[in-house]
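Keep the viewer open as you read.

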Amino acid sequence: MRSYASAVATKADRVGLGIDIGGTGVKAALVNLTTGALASKRVRVVTPKPSTPDAVAQTVKQVVDTIAVDNALPADLPVGAGLPGVIKRGQVMTAANIDKSWIGVSAAVLFSEALGRGVVAVNDADAAAIAEARLGAGKGATGTVLLLTIGTGIGSGLLVDGQLVPNTEFGHIEIKGRDAEHQLSGVARERRGLRWKAWAQEFNVYLAHLEGYVWPDLIILGGGVSKVLDKYREYLKSTAPIVPAQFLNVAGIIGAALAAADAHPIASRAARTTAAASAGASGAANR
Ligand code: BGC
């Protein structure tokens, strides 16, 4: 059987590097920007505790150095990093599930300095939404696509006719006076001891609010909770169809690489030959 990573680039495909910074792990891989397939092995290192900017930057460097052992990383390779907070022009504005000392720090500058190359920083759920809407569960969908990633927190990503509306942060809307994420994330469901039916019934109220705000044409559910959709699918109610994410735990990596290529289209064109050739060699090794 071919592994996922082996569905790799031809020389003509563009390649980028995606990094996903989460509360528990820092993950990265080369990504075929045309198909979304991973073009190297996925490297994961545990997120340092406390997850301060300098500590995370060192971990990011460690992860990228590990990828560089088997892969050429040309200077103009698009590199993107997704983080769990509002990101404005590369700067972290909020930090619900990472160390508060991130607030005000430019993740783009910090990671660029740590890696010695340009890095684009985006919100993690925005990254996942770009990946799913463009190449995954929402491929070909038109209109308004809403992705919700439900895990430690609730992240949201909104695309309108393929264009991202960044930093929607729908995980933090208030339902009955309480932060939705705090009541309905995967971690919150476990903390509250809610069975799937009870959770889905509350989640429906949340979904009804969101549908009232943005009237999505398609809702994609990602994150840990989406892996067991069969346990509660029958209880969910929505106007828009709900589908599970396709890329699951690599959506953030894929989307971060895509976001970086969007920001640096010329660099990504130049990067295609060397990185794709090297990724092909690495993919073969992963078979
Ligand atoms: C953060 C979002 C993030 C989401 C998922 C939330 O707590 O505010 O920025 O996208 O968690 O990680």
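## A covered helix

Helix α3 is mostly covered, with 12 of its 12 residues buried. Buried here asks for 20 or more other C-beta atoms within 10 Å of a residue's own, exposed for 12 or fewer, and partly exposed is anything in between, with C-beta atoms placed from the backbone. Helices (H or I, at least four residues) and strands (E, at least two) are DSSP runs, numbered from the N terminus.

How far apart are the end C-alpha atoms of α3? They sit 16 Å apart, and that agrees with the 16 Å the 12 residues of α3 (residues 124-135) should span at 1.5 Å a residue. The expected span is 1.5 Å times one less than the number of residues in the helix.

## What kind of model this is

This is a predicted model, where local features need pLDDT of at least 70 and side-chain atom pairs count only at pLDDT 80 or more, while totals for chains, interfaces and linings use all residues. Numbering starts from 1 along each chain, as its sequence is written.

The protein chain has eight helices and 14 strands. Of its 287 residues, 49% are buried. Two residues are in contact if their C-beta atoms, placed from the backbone, lie within 7 Å. Among contacts in the protein chain with a separation of 6 or more, 68% join residues 24 or more positions apart.

A nonpolar core is a set of buried Ala, Val, Leu, Ile, Met, Phe, Trp, Tyr and Cys residues joined through C-beta atoms within 7 Å. The largest one has 83 residues, and the members touching the most others are I19, V31, A81, A107, F111, A121 and A257. Helix α7 (residues 251-263) supplies the largest share of this core, nine residues. Domain 1 (4-126 + 249-286) and domain 2 (139-245) both give residues to the core, so it lies between them. Those domain bounds come from an automatic or database domain assignment.

Beyond its neighbours within four places in sequence, A81 is in contact with I19, I21, V60, A107, F111, V119, A121 and A256.

## Around the ligand

Which residues come nearest to the ligand? Of the 15 around it, they are P84, A96, A125, G153 and G155. A residue is near a molecule or strand if its C-beta atom, placed from the backbone, lies within 6 Å of it.

The shell splits into four nonpolar, eight polar and three charged residues. In that count, Ala, Val, Leu, Ile, Met, Phe, Trp, Tyr, Cys and Pro are nonpolar, Asp, Glu, Lys and Arg are charged, and the others, Gly among them, are polar. Domain 1 (4-126 + 249-286) and domain 2 (139-245) each give at least three residues to the shell.

## Loops worth a look

G90 is in the loop between β5 (87-88) and β6 (91-92). It is partly exposed, with 19 other C-beta atoms within 10 Å. Leaving out residues up to four places away in sequence, G90 touches S106, A107, A108, V109 and A121. From G90 to V109 is 19 residues in sequence and 7.5 Å in space, C-alpha to C-alpha.

Y232 lies in the loop between β13 (218-222) and β14 (242-244) and counts as partly exposed, with 18 C-beta neighbours inside 10 Å. Outside four places in sequence, Y232 touches W196, K197, W199 and A200.

Most residues other than glycine have a negative phi, and most peptide bonds are trans. Against that background, a cis peptide bond joins K49 and P50, with omega about -5°. P50 falls in the loop between β3 (43-46) and α1 (53-70).

D161 has a positive phi of about 50° although it is not a glycine. D161 sits in the loop between β9 (154-160) and β10 (163-165) and is exposed, with 9 other C-beta atoms within 10 Å. K176, also not a glycine, has a positive phi of about 50°. Its place is the loop between β11 (174-175) and β12 (178-179), and K176 is exposed, with 8 other C-beta atoms within 10 Å.
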